[in-house]
Amino acid sequence: MGEQSIKRPRGTNDCFGDYASELYHLRKLLLEESALYGAREVDPPLFEESRLFHRSVGESSDVVRKETFDLVRKGDKDYTLRPEFTAGVNRLVLENKLYSSPDLPLRFSYFGKVFRYERPQSGRLREFHQFGVEFLDRVVDLDTSLDALILSLTATKKALGRKVLVKLNYLGSFASRENYKKALYDYFSPKIEEMCEDCKERLRTNPLRILDCKVEKDQELAKGAPKIEDYLDEEDKSDYKVMVDTLDGMGISYQKDPGLVRGLDYYTGLVWEIYDSENPSFPALGGGGKYSTLMHDIGGPDFEGIGFSLGVERLMLDMSEERKEDLSKERDPDLFVIDLERKGTALKIMSRLRKEGLVCYAPSFAKALGGAFKMADRIKAKKTLIVFPDSHLELKDMESRNQDTIEESALLKALKGE
């Protein structure tokens with residue numbers, strides 16, 4: 001027996017067939033939607049200096065503590081495969097001095113792979129795609145914040161093909177959040193020995209993260225925890241009220257969730273998560289929020305940002321089969337060419353027609369005439385052209401099955417129905 005076959009790593013997908021087509025069309029749909037809001041696509045490197053994520057995402061985040069793919073050190077720096085886009089986008093803006101633009105806010109979109117070392121399961125992969133946006137300004141105002149939130153809803157709804165639900169919370173300013181973290185520390189300290197090992201670590205590094213624990217027993221204990229709204233200052237309360245009043249005025253439905261804190265440490269102010277309203281037990285499809293100090297923390301100016309990301313594979317997992325078929329449907333070939341001559345005439349014809357925007361396809365020379373026609377039917381070709389050895393051409397309509405002699409000069413008009 002030969003050597004055992006090599007298989008793809010756990011938590012990854014081979015990209016081909018319908019899956020590749022769904023990804024392609026989903027990418028196009030989502031980036032086109034973000035372009036309506038003025039966002040331009042960026043793509044930072046797949047790996048960055050490890051300290052970028054440790055400084056920006058936060059040491060208390062599970063992403064940094066347990067889930068990063070750290071590369072083997074070569075040279076004088078440590079590198080990590082990106083676990084998310086926000087830090088890389090902010091580094092891109094800083095390094096290329098895009099913050100000096102007179103046209104603010106800066107608006108960027110992205111669609112690409114990210115990597116997290118976690119136990120593979122349904123809806124959780126180690127290599128997956130994220131789509132998202134980042135809006136950056138010296139001060140992120142109300143309109144920019146709500147623009148990001150609304151874009152996340154419209155993009156998800158268009159991709160999924162049905163209504164979505166948004167849950168939101170308001171973490172307040174840095175000072176408000178620090179006061180809240182102290183209150184959480186005081187609340188959880190007497191209970192911490194009953195909680196999971198991760199929560200014991202979270203109490204030390206960032207008590208906010210305890211609210212995001214997925215252990216059922218710990219979730220029950222967290223229900224009695226202080227609420228962030230009791231620790232917001234008057235300016236925070238006013239800003240939050242204006243936001244929800246604006247959403248009400250626009251007819252956008254939402255649920256307030258005082259336990260929603262998001263998984264990364266850089267969030268302040270508005271945070272949210274998006275769910276499938278027709279499948280409420282399905283995990284969050286994505287989420288986002290505002291961050292006030294991330295750019296400064298990596299050595300840049302005092303810029304604020306707000307953004308969101310969607311887990312693309314999780315979105316696809318939640319789609320109906322009809323929606324997937326609609327997304328992945330490729331354009332049927334305009335012409336299927338059976339080359340019996342094999343002297344280059346067929347290639348010249350297809351080259352000319354492709355320049356006119358027509359999809360042309362040809363089978364392998366090894367396929368017999370009958371098998372070639374069956375292939376044309378399988379791939380749903382509209383018409384089939386037969387190039388005979390004497391360069392004689394015949395065009396067959398695959399629906400009516402009518403077949404007639406045709407001159408090469410008349411072929412384009414015939415295919416366009418003129």
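The following legends describe close-up views of a predicted model.

**View 1. Lining of the second largest pocket.**
The second largest pocket of this predicted model has a volume of about 320 Å³. It is lined by 21 residues, and those closest to its centre are Val140, Tyr170, Asp236, Asp239 and Lys290. Three elements, helix H5 (142–160), helix H9 (234–249) and strand S8 (267–276), each contribute at least two residues to the lining. The most is given by H9, which supplies 5 residues. By class, the lining of the second largest pocket consists of 8 nonpolar, 6 polar and 7 charged residues.

**View 2. Packing of helix H5 against helix H9.**
Both of these helices also supply residues to the lining of the second largest pocket. The axes of H5 and H9 come within 11 Å and cross at roughly 50 degrees. H5 and H9 are therefore oblique to each other, and the crossing in which H5 passes H9 is right-handed. On the H5 side, the residues that meet H9 are Leu142, Ser145, Leu146 and Leu149. Their partners in H9 are Val242, Met243, Thr246 and Leu247. In the contact of H5 with H9 there are 6 nonpolar and 2 polar residues, and no charged ones.

**View 3. Packing of helix H1 against helix H5.**
Helix H1 comprises residues 17–35 and packs against H5 at an angle of about 150 degrees, with the two axes 10 Å apart. Angles over 145 degrees count as roughly antiparallel, and H1 is therefore roughly antiparallel to H5. H1 passes H5 in a right-handed crossing. From H1, the contact is made by Leu26, Leu29, Leu30, Glu33 and Ser34. From H5, Leu151, Thr154, Ala155, Lys158 and Ala159 take part. The residues of this contact divide into 6 nonpolar, 2 polar and 2 charged.

**View 4. Packing of helix H1 against helix H12.**
Helix H12 is formed by residues 321–328, and its axis lies 8 Å from that of H1. The two helices pack at an angle of about 80 degrees. H1 and H12 are therefore roughly perpendicular to each other, since angles of 65 to 115 degrees fall in that class. Asp18, Ser21, Glu22, His25, Leu26 and Leu29 in H1 face Arg323, Lys324, Leu327 and Ser328 across the contact with H12. This contact has 3 nonpolar, 3 polar and 4 charged residues. Leu26 and Leu29 of H1 also take part in the contact with H5.

Pro105 is found in the loop that joins helix H4 (86–95) to strand S4 (106–115).

**View 5. The backbone at Arg342.**
Arg342 has a phi angle near 60 degrees, which is a positive value in a residue other than glycine. Arg342 is found in the loop between strand S11 (335–339) and helix H13 (345–355).

Notes:
Residues are numbered from 1 along each chain as its sequence is written. This is a predicted model: local features need pLDDT of at least 70, side-chain atom pairs count only at pLDDT 80 or more; totals for chains, interfaces and linings use all residues. Side-chain values use heavy atoms; hydrogens and water are left out. On a 1 Å grid over the protein atoms alone, a cavity is a set of points where a 1.4 Å probe fits but cannot get out, and a pocket is an open set with protein on both sides within 12 Å along at least five of seven lines; lining residues have an atom within 4 Å of a point. Grid points are joined across faces, edges and corners, and a volume is the space filled by probe spheres set on the points. Helices (H or I, at least four residues) and strands (E, at least two) are DSSP runs, numbered from the N terminus. Ala, Val, Leu, Ile, Met, Phe, Trp, Tyr, Cys and Pro count as nonpolar, Asp, Glu, Lys and Arg as charged, and the others, Gly among them, as polar. Axes are lines fitted to C-alpha atoms, for helices over the stretch in contact, and angles run from 0 to 180 degrees between N-to-C directions. Angles under 35 degrees count as roughly parallel, over 145 as roughly antiparallel, 65 to 115 as roughly perpendicular and the rest as oblique. A crossing is left-handed if the near helix is turned anticlockwise from the far one by less than a right angle, and right-handed if clockwise. Contact means heavy atoms within 4.5 Å.
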